[in-house]
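Have the sequence and the 3D view ready.

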Amino acid sequence: MSKRTIVVLALGAIIALVVGWQVTAFATLPGSDFEGNDGNLAVNSTFDWNGFKPTTWTGTAPNRTSSKTAAGWDFDGLEDAQATTSDSGFAGGTKQDASCPSVITAKAPNKDDLKRAYFASKTAANGDIFLELAWARIAQNTTSPSAHVAFEFNQSKTLCGGTGGLVTRTAGDMLIVYDFEGSSTDNPTLRLSRWITSGRPCEVASNAPPCWSPAELLDATESEARVNTSIVGPVVDEIAPSPPETLGLNEFGEAGINLTKAGVFTPGNCVSFGKAYAVSRTSGSSSTAQMKDLVGPGNVDINNCGGVIMRKVTDPSPDATNTTFNYDATGGVDDLNPGTFSLKDKESRDFGTQVQAGSYSVTEADPTADNFALESIDCSASSTTNGTNITVDEATRTVSFDLEALDTVDCTFTNKLQEGALRIEKNSTKGGLVSNDGAVFSYNSSSVTDNGTGDEDSDVGEVCVSGLQPDDYTVNETSPPDGYGGAPADDADQVLAVVGGTDCTADNPPAATATATFTNPPLADIQVNFRDGGSGETSPTSITCDNTGTTPSTTPATGWDDSVTHEDISIDPSPRTITCTVVIDP
C-alpha cells in the first residue's frame, strides 16, 4: 500500500470522526437533559425524541394525536394531512397577527407542507421550565429548502368559532417563530413574541393592540436549534404514527428553549398554556408573513404552577362532635392563600392549580384540647414529578413539600376521637369489692347492668363501659345488687370526667380510667316464731325486735302460732345489735 493511499485513508477517517461528532452532539442548553441541538431524534447521551417510543396515536388519520410522559418530559404529538387539498390551512394573505384567523382547506406549497409537530416540556431541578419543539415536513423537491414555522401557545379555552378549533388569544399567549434559511451550515433562529392587548407597540408597527409584541431574538443561553441538513443526514423517527419513518435532508427541525430564562415564566406569576399548534409561513418576516399549513391545535400542559389540596377526615366519621380543626400554611413565593384555614370532617381546602412552585408546609393545630389526636397524614393521592418531595412529620402534625410545576399535592389529615371509659366499682360496707350481679347503674340517662354479658366486666365487683366521648358523666346506681341495700349508695349522684384515650383494658387501671365507687351494706333477715308446746295454755302477748330499721311482717310462719319477720336489715354499721323480746302469758 502506498503512502499516498495511507494518507487519503487517514484523512477520510478524520473527516468521518468530525462528521460523527457533529451528528452525535448532545444538548448544550444549561439545565436541560434534552438533546435539542443535534438535529436528530436519536437518544445519543441523555434524552431525545425517540426516548418517548413506543407511542400510541389516537383519533382518525391524518389528524391523530399522541401523548406520553418519559424521563420527566411531557410529550404531545400532532399529525397533519399531507400533499392534499383537504389539508387544513389559511386563506391567501392571512397574517399571523390576525386575532382569529379563518381556517380553510388548502394544499400547502411543498416546503410549507408540515406532516407533524412535536412538543415536550419539563421542569428542571432548579425550577426552570424547558420547552422542546420539533417539526417534520413532506419530502422536499429542492436541495436547500428554507423552513419558517411558528409555534403558538394559548391560555384560553374559548373557541374562535368556525372551523379549525383555534381559541381566542389572551394577553401573554406565546409565539415562537423558527426560521431556517436552507443552508447546510445555517443555524436556525428563534424569536419569541407575546400577545399584548395594550401598553406596548406591535411587531407590525402599523398595527395597534391587540397584537403580537415585537419579536425578541433568543440567544444561545436561552435556546438551541438544529435542522437535519447534509451535515446531520437523514434521520429516523421512531415515534411517528407508523414507525420507524426515515426523514430526508431538511425534513426535520428541532429546538429547545429555557422559558424561565426567556422571561415567559416569572416568580409570582402563574401562566398555563393548554393549547398549541404549528403554522408554516412563507417567510420569517415578522407577523406580515402569510400563514400556510396548520398542524393542530392540540392539547398541551405547560405550566409553572401546581395544585394543593388539604383534606380532613375524623375517626369515627361522621364526627358526632362536629369539631373544627385549624391549620397554618407557609412558604413559597407567597404563603398559600388563605394562610390559615379551618376544616371539619369530610371538608377540604382546594387552593386550585395556580399555586406558585416553591417549598411549602401545612401544620395542623394541636387537636388534643378537643379530645382528638392525629392518626395519620396521607399524601398518596398526590401527583408529583418525583416521589421524594413530600415530607410528613406526624409528631408536629406537619406536611412539607416542594411544589413543582404541574404537581398536585393532595394530603388527608385523619384525626381519631380519643374515646374514654367509665368504670363502676361495687363495694360492701364491710369492705372490699363484692359481686354486683343484678346491679343496675346509669350514666347520663343510659343504663348498664352488671350481668356478666353485654358489658365489659374486668373483675368481680366491676363493670366498665368504653367508647365514650370525653365529657362529664353523672353516674348513679339505679338498683343495688342482690343481697345488698340501697343506702347509702343512692344518696347522691357522682359526676366523673371521662378522659380521652382510656379504656377497659389492663393498660388503663382505675387510676387512669374514670371510676365511680358505690358502697352498699349487706342485708340480713330475722324471724322470731312462737307456738304452744302442746298444753294449749300458752300464748304470746307480743313479739318485738328493735334496731332493725325495717317494718316487720306478723304473718305466722307455717306450723307456728305467731311470727315476726324482719327482712333486708342493713348491716350498717357493723356489727349491729338487734334485740327481740317475746312476752308469754303476761
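## Some ground rules

Buried means under 20% relative accessible area, exposed means over 50%, and partly exposed is in between (1.4 Å probe, protein chains only). Helices (H or I, at least four residues) and strands (E, at least two) are DSSP runs, numbered from the N terminus.

This is a predicted model, where local features need pLDDT of at least 70, side-chain atom pairs count only at pLDDT 80 or more, and totals for chains, interfaces and linings use all residues. Residues are numbered from 1 along each chain as its sequence is written, and side-chain values use heavy atoms, with hydrogens and water left out.

## Two cis peptide bonds

Most residues other than glycine have a negative phi, and most peptide bonds are trans. Now find K53 and P54: the peptide bond joining them is cis, with omega about -10 degrees. P54 sits in the loop between α1 (3-23) and β1 (57-58).

Next, go to P243 and P244. Their peptide bond is cis too, and omega is near -10 degrees. You'll find P244 in the loop between β14 (235-237) and β15 (245-247).

## Two asparagines with positive phi

N250 isn't a glycine, yet its phi is positive, about 65 degrees. Look for N250 in the loop between β15 and β16 (252-258). Is N250 buried or exposed? Its relative accessibility is 5%, so N250 counts as buried.

N371, also not a glycine, has a positive phi of about 65 degrees. The loop between β24 (358-364) and β25 (372-378) is where N371 is found. N371 counts as partly exposed because its relative accessibility is 27%.
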